Amino acid sequence: MGASHFLLRGLRKVAGEFALFCLGYNIERAKNLLGFKKMMELMAEHKLLFLKCG
């Protein structure tokens, strides 16, 4: 994904930046494993379940 260093300073900010990087990596990995169409279907299904609970 091209990241070689952190853009922010401070442990708290770096931790947040790293968490966002991991989230992006995991979403990209899920897309590659499942395929875009299947991933979108699962996300839409999850959104509907979330709306019913709340």
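Phe18 comes out as partly exposed, at 44% relative accessibility; the label covers anything between buried (under 20% relative accessible area) and exposed (over 50%), using a 1.4 Å probe and protein chains only. Phe6 gets the same label, "partly exposed", at 43%. The model is a predicted one, so local features need pLDDT of at least 70 and side-chain atom pairs count only at pLDDT 80 or more, while totals for chains, interfaces and linings use all residues. Residues are numbered from 1 along each chain as its sequence is written, and side-chain values use heavy atoms, with hydrogens and water left out.

Now for the rings. Rings of Phe, Tyr and Trp (its six-membered ring) pair if their centres lie within 6.5 Å, and planes under 30 degrees apart count as stacked, over 60 as edge-to-face and the rest as tilted. That rule turns up 1 aromatic pair. Phe6 and Phe18 have ring centres 6.4 Å apart and planes at 70°, so the pair is edge-to-face. Phe6 sits in the segment before H1 and Phe18 in helix H1, so the pair ties together parts that are 12 residues apart in sequence. Helices here are DSSP runs (H or I, at least four residues), numbered from the N terminus, as are strands (E, at least two).

On to charges. Side chains of opposite charge can pair when their charged atoms come close. Searching the whole structure gives 1 salt bridge, meaning a side-chain nitrogen of Lys or Arg within 4 Å of a carboxyl oxygen of Asp or Glu. Lys31 pairs with Glu28, with the closest N and O atoms 3.3 Å apart. Both belong to helix H1 (residues 11-34), and because they are 3 residues apart there, about one helical turn separates them. Lys31 is partly exposed at 29% relative accessible area, and Glu28 is partly exposed at 37% relative accessibility.
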